[in-house]
Amino acid sequence: MTMPGEGAGLIGGGKNKDKGLVLDKLPLLGDVFDQVASICAEGMRERCSAAVQLRTHGMAAEREDAILRSFDHHILAFILHDADWGCRIAVVLEQDLVFTLIETMLGGDGSDEAFKEPRPFSTIERGVAEAFVEIVIDALNRVLSPMSPADFELEKVDTRLDFVTLGGRTEEALLARIGFESLGRAGEISLIFPRVAIDRVKSHLSKAPAALETKLVDPVWTRQFERRVTRAEVSVQASVAVDGYVLGDIAALVVGQVVALGDHAQRQIELSSEGEALFSCEL
């Protein structure tokens with residue numbers, strides 16, 4: 001998918017450009033999606049054994065209809081609604097992400113070749129995608145509520161966005177993308193907010209002058225602190241699952257014995273530190 005308006009955080013142009021949705025004037029907007037990504041990652045850790053990473057990939061502003069038209073037809077679009085907000089929010093999952101979710105949430109190990117052929121989603125695939133979106137909805141409500149009470153719920157699921165209206169198809173909207181990585185595979189979650197939703201929380205997304213002043217700290221102290229923190233020693237562990245052993249085999253292991261790991265060990269190494277999964281690695 002091509003990101004509409006990528007590289008420009010502004011809607012409109014010419015004499016009216018100051019009336020558009022200027023992302024530079026909402027410096028805390030990125031923090032909202034970083035928090036959503038963090039909550040979703042935590043929710044996934046409770047539901048699957050594979051390491052999962054989510055991080056914000058970018059944001060752009062454009063007319064709502066332009067954003068909706070930018071998606072192809074191989075998607076699942078989850079439309080959320082909160083009557084008090086007077087608008088809808090869309091959570092769009094593209095095919096790559098849906099197939100990655102299947103591997104991650106249903107016990108896959110990443111050894112099977114990724115499926116690329118476009119086709120309709122199965123009932124199981126839609127069910128797994130919806131289970132994941134419930135995590136996203138919970139994250140959105142938790143992050144938005146401190147700014148304005150939010151209770152978004154799933155209204156419907158569409159496979160096309162031709163006739164979907166969130167706030168107004170000719171009105172401005174915000175597109176935020178959150179990257180998802182697991183088992184060596186990746187995909188993106190697209191969150192679409194109409195302008196009315198952004199306006200509702202806009203005052204919380206702008207930094208007050210006092211907040212800016214607190215950042216004017218001693219640069220020498222900052223560098224020294226960063227050097228000391230980044231030099232702290234941290235232990236990490238690499239582990240790989242090995243099948244085909246019974247308890248008797250484990251009890252009979254002796255120092256110096258060679259354990260056959262199998263071909264899958266080269267691409268399914270889990271790196272962790274103090275019990276927290278960090279990365280899925282390859283040798």
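Visitor: Why is leucine 261 called partly exposed?

Guide: Its relative accessible area is 36%. Buried means under 20%, exposed means over 50%, and partly exposed lies in between (1.4 Å probe, protein chains only). At 36%, leucine 261 is therefore partly exposed. This is a predicted model, where local features need pLDDT of at least 70, side-chain atom pairs count only at pLDDT 80 or more, and totals for chains, interfaces and linings use all residues. Residues are numbered from 1 along each chain as its sequence is written, and side-chain values use heavy atoms, leaving out hydrogens and water.

Visitor: Where does leucine 261 lie?

Guide: In the loop between α8 (247-251) and β8 (269-273). Helices (H or I, at least four residues) and strands (E, at least two) are DSSP runs, numbered from the N terminus. The protein chain has 8 helices and 9 strands.

Visitor: What makes the nonpolar surface patch that includes Leu261?

Guide: Tyr245, Leu247, Ile250, Leu253, Val259 and Leu261 make the patch, which covers about 530 Å².

Visitor: How do you know that leucine 183 is buried?

Guide: Its relative accessible area is 14%. That is under 20%, so leucine 183 counts as buried. Leucine 183 sits in the loop between β5 (172-182) and β6 (185-194).

Visitor: What makes a nonpolar core, and how many residues has the largest?

Guide: A core is a set of buried Ala, Val, Leu, Ile, Met, Phe, Trp, Tyr and Cys residues, joined through side-chain atoms within 4.5 Å. The largest has 56 residues. Leu54, Val91, Leu93, Phe132 and Phe193 have the most contacts inside it. Helix α4 (residues 123-144) gives this core its largest share, 11 residues. A second, separate core has 14 residues, among them Ile79 and Leu161.

Visitor: Which residues are in contact with phenylalanine 193, beyond its neighbours within four places in sequence?

Guide: Contact means heavy atoms within 4.5 Å. Phenylalanine 193 has such contact with Phe33, Ile89, Leu140, Leu144, Ala173, Leu174 and Ile198.

Visitor: How do you know what span to expect of helix α1?

Guide: Multiply 1.5 Å by one less than the number of residues. Helix α1 (residues 29-45) has 17 residues, so 24 Å is expected. From first C-alpha to last, α1 reaches 25 Å, close to that value.

Visitor: What covers the buried residues of α1?

Guide: The cover includes β1 (52-63), α3 (95-105), α4, β5 and β6. The buried residues of α1 include Leu29, Phe33 and Met44.

How values were computed:
Patch = residues over 30% accessible without salt bridge, like charges linked within 9 Å, V, L, I, M, F, W, Y side chains within 5 Å. Areas by Shrake-Rupley, 256 points an atom, 1.4 Å probe, with all protein chains shown as cover. Salt bridge = Lys/Arg side-chain N within 4 Å of Asp/Glu carboxyl O.
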